[in-house]
Each structure stands twice: as structure tokens, then as C-alpha cells.
Amino acid sequence: MYTTVLLEKLRWPVLVIAILASVVGSQAIITGTFSIIKQCSALSCFPGVKIVHTSSTVHGQIYIPEINWILMILCLAVTIGFNNTKHLANAQGLAVITVMLVTTCLMSLVIVLVWNKSIFIALGFLIFFGSIEVMYFSASLGKFHEGAWVPITLSFIFMVVMSVWHYGTIKKYEFDVQNKVSVNWLLNLGPSLGIVRVRGIGLIHTELMSGIPAIFSHFVTNLPAFHQVLVFLCVKSVPVPHVEPEERFLVGRIGPKEYRLYRVIVRYGYRDVQQDDLEFEKELINSIAEFIRSGGADQNGFVEGSEKLSSISSGAIPLWEEGGDGEVDGPASPNKEINQQTVAPQRKKARFVLPKSAQVDAEVRSELQDLMDAREAGMSFILGHSHMKAKSGSSFVKRIVINFFYEFLRRNSRGPSYAANIPHASTLEVGMVYQV
């Protein structure tokens, strides 16, 4: 009788403590899952997901909405599907002991590779702790049909997803590198081959930081024309909160000056807000203009392959913008707020000109004038839209993995963040099939 009364009094305090412990445990699992998914995405071992950085100072504080929803659905499915605490305990037990066993195996590698200790110490550590954990692991496997199958099944599914994505990404990268077009091929294109240069600026978005992507050669082969000013644009995210304006743009030249070919690498921090298309175009043009004016020689430049890229501060050259009536409005400031609804109707009338007081030689002024004339004609964004397909004669497994599983993951994963800020009216998508 006394024991029953005592248990009744302790029921609610124990229930509160259990709920609080569950909250703490769930937060640890969620945070750990977010961190692992982020690292896997950085290593190209997991499809692209939206990563929200919740702190301006701590890089590791992140939130992934898709993974959060998946965890919620899995928790509800397991809880409702089992409807039995015994099965839940068996599933949790196998998951916990598996983590401990994997941690012990990895710790033995740390002892040898990181701490530079003797291999016998690592083997002793592995045998002592591993033997104990193997006994618990084998006991948990005995409850496979009583709930322990859940962590194994989920682990197998995620392992398949990661393996397929990593395999497809490696094959795509190998195709890009092997089919990368040489600069000489591009420089040899001319009127004699039926290639013409049209007015305007063409932005070729690419993930390559050197060389010319195969998607461009595919585009030129089917449509033998490209813009009078061609910019190969690469947008990269760096693991710092903010990138200073003077370090955001890396500008380089491809080939001789008269070809008007440039490479621009734009770097954003994880807390930087990418500008709208009008503001981005102004900063991009200003950076290229400053690169031209400085002759491409910058002490902060570095060599990427055979191309020299220079760190350029956007807006360093004094560019001026004229309205539709020809009156000078003032210098184009990268920090100026622009109302798109007001500017868009007069966008074709806007023109960038060099001040007469700018001290530049005739060759530089001619190149800058070509850049401004091309900007006045308009800017086009050229995006690659690739599809993966296994080569004819490939094995059945490879065809299934590439043609179905990888393509399904690619279609349902997030693309590059910069694609959302590109104006659809000025966008040209070039489709290409990757035979891997």
C-alpha cells in the first residue's frame, strides 16, 4: 500500500523529467543531423538542401527546413507504426550501440593518424572497448524483428541516397573536366567559321573556376553566335559571415584584349544577401571596368591555371549613369537602393559613360567604351541545364543509378542560390545531355 502511494506521488515529477529529457535529446539529434547533412552536402555526398544560418558569428548554428520536416515525419511514423514502447526501445538500443561501435573504430584511427601513437595502443583500445560493444551489438541484433530493423532500414536508405548522389556528382565533374574547352578553340572562332558577335553582354554561369565549360561549346555549335562581351561567371559561397566589397569580385581576362572575354568569380558569405539583378549588374560592370582601367595588374591577384584573377573593388572607377533624357544623374553607388518598379520601364534608356576627366589611354578607353556599349545593348544570362544519361553499353546497374535514381534526386534537390535572383526575361537555358 505504501509503495503504491509513493509511486502515485512520483508519477508526475518523473513524467516531467522524462519530457524534459526527451526535449534535450531531440534537440541534440536535430542539431547533429543538421551538422552531418551540411558536411555531407559540402563533400558532394548529399543532394542540395536549403541551409539557413541563424547566427552572424557562429558558423555551425544552422537550420535545414527539409531535414526538419523529414525528421518530424519519421518520428510520427515510427511512433504511430510501432504503438509499443518495447519496439521503440529495441530500435533505440541498436542505434545507440551502433554509434558507440562506429565511434570506437574511428577513435582507433584518430589514435594512430592524429595523435601519432603506436598502432598497438590503437589495437588495444579497439579490442578492449570493441569487444564489449560487439556483445551488446549482437544482443541488439537478436531483436531485429521486434523493432531493431528500423534504424538498419533507415541507414540503408540514406546510404543508398548518399552513394548515388556522390557517384553521379563525380561522374558529372569528370565529364566537365574532360570536355572542358580550351581557350585556343574559343579564340579560333571567327567569321570564317560562321561565328558572329552580337551586341550586348553574355553572362555564362559555370561552376568551373578555370577553363571554358562544355555547355558553352554546345551552345555555340547549335547557335553560331555569342555576345560582343562575354563573361564567364562563377558564384561561390565561402565559410565566412560576410565578404568585404573590395574582396567580393575576382576578375580576369581570357585571351587577348580585343576578344573582350572575361572571367569573374563572385564570392558571398553565408550571411550575405545577394543583390537584385539591377544592383548586381552595376557592381559587375563596375568591377570589370576597374579591371580594364588598372590593366589587370593588382597586387592581390593570384593565378588560377593560366589565367590571372585580380581582386577588384566594385565602384572604384567613377562611372556615371545618364537617364533617358541624356542628363547625368550621378555616380552609380553599389549601396544605393533601387526601386525595380520605377527603374525597369526606363532600363533600356539608361547608359553608362566615362567621365571626360578620367585619365586613361586610348586603348583602355576603347575597351571601356565597348563594355559600356554592350551594357547599353542589354545583358543576357546563360544557364546550363544538364541531364545525366549512362552511355550505351553501360551495365544495367549503372543505367538504373544514373538514368533514374540520380536524375530523380537532381530534379528534386535545390539548385544554386543565385539562380533565384536571375531575371527570367533575360535568361537563356542551354540544355545538354551528359553521356557518362
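Q: Which residues lie nearest the centre of the second largest pocket?
A: In this predicted model, the second largest pocket has a lining of 42 residues, and those nearest its centre are Ile29, Thr33, Leu71, Ala95 and Leu154.

Q: And which elements give two or more residues to that lining?
A: They are α1 (2–42), α2 (65–82), α3 (85–113) and α5 (149–178), and the largest share, 12 residues, comes from α3.

Q: How many of the lining residues are nonpolar, polar or charged?
A: The lining of the second largest pocket divides into 30 nonpolar residues and 12 polar ones, with no charged residues, and the space in this pocket comes to about 2,100 Å³.

Q: Back to α5, then: what span should its 30 residues have?
A: At 1.5 Å a residue α5 should span 44 Å, and because its end C-alpha atoms are 43 Å apart, the two values agree.

Q: What do the buried residues of α5 pack against?
A: The buried residues of α5, among them Val164, Trp165 and Phe175, pack against α2, α3, β12 (379–389), α12 (396–411) and β13 (427–435).

Q: New topic: which members of the largest nonpolar core touch the most other members?
A: Those are Phe216, Leu230 and Phe232, in a core of 28 residues. The elements that give two or more residues to this core are α5, α7 (214–222), β4 (225–238), β12, α12 and β13, and α7 gives the most, with 5 residues.

Note on methods. Residues are numbered from 1 along each chain as its sequence is written. This is a predicted model: local features need pLDDT of at least 70, side-chain atom pairs count only at pLDDT 80 or more; totals for chains, interfaces and linings use all residues. Side-chain values use heavy atoms; hydrogens and water are left out. On a 1 Å grid over the protein atoms alone, a cavity is a set of points where a 1.4 Å probe fits but cannot get out, and a pocket is an open set with protein on both sides within 12 Å along at least five of seven lines; lining residues have an atom within 4 Å of a point. Grid points are joined across faces, edges and corners, and a volume is the space filled by probe spheres set on the points. Helices (H or I, at least four residues) and strands (E, at least two) are DSSP runs, numbered from the N terminus. Ala, Val, Leu, Ile, Met, Phe, Trp, Tyr, Cys and Pro count as nonpolar, Asp, Glu, Lys and Arg as charged, and the others, Gly among them, as polar. The expected span of a helix is 1.5 Å times one less than its number of residues. Buried means under 20% relative accessible area, exposed over 50%, partly exposed in between (1.4 Å probe, protein chains only). Contact means heavy atoms within 4.5 Å. A nonpolar core is a set of buried Ala, Val, Leu, Ile, Met, Phe, Trp, Tyr and Cys residues joined through side-chain atoms within 4.5 Å.
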